[in-house]
Amino acid sequence: MTVSDSPAAVHDRLTPRARGLLLVLCGALFLDALDVSMKGVALPSIGVDLGMSTGSLQWVVSGYVLGFGGFLLLGGRAADLLGRRRMLIGSLAVFAVATALGGFATSGPLLIAARFVTGISAAFSAPAGFSIITTSFAEGPVRNKALSIYTATGATGFSLGLVAGGLLTEVSWRWVFHAPVLVALATLVGAFAVVPRSPAAPGRGFDVAGSATVTGAMLLLVFTLVEAPNAGWASARTLGSLVGVAVLLTAFVVIERRVANPLVRLGILRSGALVRGCVAAMSLLGGWVGALFIITLYLQDFRGWSALQTGLAVCPSGLVVAILAPRIAAPLVGRYGSGRVALAGLVSSVAAYALLQFLDASTAYATLMLPAFLLVGLAFTLTYGPLTMAAADSVPAADQGLAGGLVNTAFQVGPALVLGVESAVVASGADLRVAMVVPLIVAVLGAATMLPSLRRA
């Protein structure tokens with residue numbers, strides 16, 4: 001049986017056809033990570049050119065996060081029910097169109113709308129790509145190797161995006177939109193050629209009410225976390241929104257218990273490995289995005305570094321993942337288990353953020369920041385892939401898209417929550433060193449969540 005024969009094809013090794021499939025799926029993930037990181041360094045130029053205020057400028061990033069985080073669960077289940085190949089190809093096409101429109105935008109609202117649609121498209125492509133890997137590669141060393149390469153690609157794309165975004169912005173900020181379109185089109189062509197066809201699930205209806213309530217809840221949650229620093233965490237607006245999230249989630253649970261074909265099979269949450277993986281995912285990416293936010297302010301505002309210099313400074317973290325993850329993650333998981341390896345990575349992130357507590361106005365890059373960034377790279381090497389492996393191994397094949405959606409939702413909610421807290425700390429006038437304590441606390445909580453993995457035989 002080959003990759004092209006079935007969406008659940010089994011492989012004893014990475015055949016040329018399997019490598020082609022993995023290359024395309026890695027291209028889709030690379031595109032998502034590249035797109036996110038490239039836009040951040042271009043924000044000042046976008047604001048000047050389009051006359052956007054600081055408050056509206058943040059929505060160039062937050063609009064994407066809102067679309068991505070809000071629709072991930074729906075995207076994950078749509079991949080399972082409507083066909084993974086169909087969802088991947090369709091979302092890549094929408095991604096290319098929306099990103100191109102963003103590059104030609106002449107006003108802030110149009111640009112933000114394009115970013116929102118781009119985020120929605122990524123919410124459908126990410127779980128589709130994840131579930132194609134977990135259903136096309138046999139469980140065990142081959143799947144672990146494929147997932148190690150896949151997740152390393154994401155970290156590489158994020159790191160290269162920081163540098164490429166700085167270089168392209170020197171020419172024109174619009175190129176940080178045009179360049180990803182070329183990657184999207186190349187990936188789309190490859191997807192047509194090598195991604196296996198996966199038929200829609202027979203006899204499964206689509207849970208419209210459940211989809212509406214959970215998507216509304218996630219949209220409102222992400223929006224509330226993004227806006228809380230401006231509105232105030234104790235404001236009537238923020239508290240009212242959180243109550244609205246609770247009401248929508250309660251309605252969602254009630255609906256899922258009663259419908260014949262639920263959007264989210266609630267029994268999936270009985271998987272301890274999946275739940276721990278989601279909490280750890282929030283900690284891993286939330287801690288790093290929060291730390292990166294403070295580091296960027298520190299390097300550019302206090303040290304006077306340019307956006308390109310900042311990107312190059314942080315780049316070693318991604319290089320560590322790109323070099324080590326494909327080589328050591330899968331063998332370590334095979335020997336010690338995904339939970340233990342992920343715990344080691346989270347402990348590495350604790351060490352990295354502990355080092356960054358000693359930042360001051362004269363800290364030498366090589367003596368403190370570089371070791372911290374290398375530890376962050378090691379943390380992602382040991383944690384990112386094993387978390388996705390744990391999610392894949394703990395649920396049946398029919399729910400792989402949903403598992404991918406849950407893990408990716410956690411990866412999105414974590415940064416939104418941590419950035420909201422840090423923005424509030426910075427807005428209060430506190431020293432940046434105080435704000436840097438937040439990622440450390442988040443990392444400690446993530447490591448504590450994975451401690452039960454030590455009991456695994």
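Tyr64 and Phe68 both belong to helix H3 (residues 59-82), where they sit four residues apart, about one turn of the helix; helices here are DSSP runs of H or I with at least four residues, numbered from the N terminus. An α-helix has 3.6 residues a turn, so residues three or four places apart point the same way. The model is predicted, so local features need pLDDT of at least 70 and side-chain atom pairs count only at pLDDT 80 or more, while totals for chains, interfaces and linings use all residues. Residues are numbered from 1 along each chain as its sequence is written, and side-chain values use heavy atoms, with hydrogens and water left out.

The structure holds eight aromatic pairs, a pair being two rings of Phe, Tyr or Trp (its six-membered ring) with centres within 6.5 Å, called stacked when the planes are under 30 degrees apart, edge-to-face when over 60 and tilted for the rest. One of them joins Tyr64 and Phe68 in an edge-to-face arrangement, with 5.8 Å centre to centre and 75° between the planes. Both of these residues, Tyr64 and Phe68, are buried, where buried means under 20% relative accessible area, exposed over 50% and partly exposed in between (1.4 Å probe, protein chains only).

Helix H3 is mostly covered, with 22 of its 24 residues buried. A kink of about 50° in H3 is centred on Leu72, the bend at a residue being the angle between axes fitted to the seven residues ending there and the seven starting there. After H3 comes Gly83, which has a positive phi, near 110°.

Elsewhere, Trp288, Trp305, Tyr365 and Phe373 form one aromatic cluster. Lys39 lies over the face of Phe177, at 4.7 Å from the ring centre; a charge counts as over a ring if NZ of Lys or CZ of Arg is within 6 Å of the ring centre and within 35 degrees of the ring normal.

Two further residues are described by their location and accessibility. His178 is located in helix H7 (residues 175-194), whereas Leu269 is in the loop between helix H9 (236-258) and helix H10 (272-302).

| Residue | Relative accessibility | Class |
|---|---|---|
| His178 | 19% | buried |
| Leu269 | 47% | partly exposed |

With neighbours within four places in sequence left aside, His178 is in contact (heavy atoms within 4.5 Å) with Gly103 and Phe104, and Leu269, under that exclusion, with Val275 and Leu406. The C-alpha atoms of Leu269 and Ala410 are separated by 13 Å, although these residues are 141 residues apart along the chain.

Key
Helices (H or I, at least four residues) and strands (E, at least two) are DSSP runs, numbered from the N terminus.
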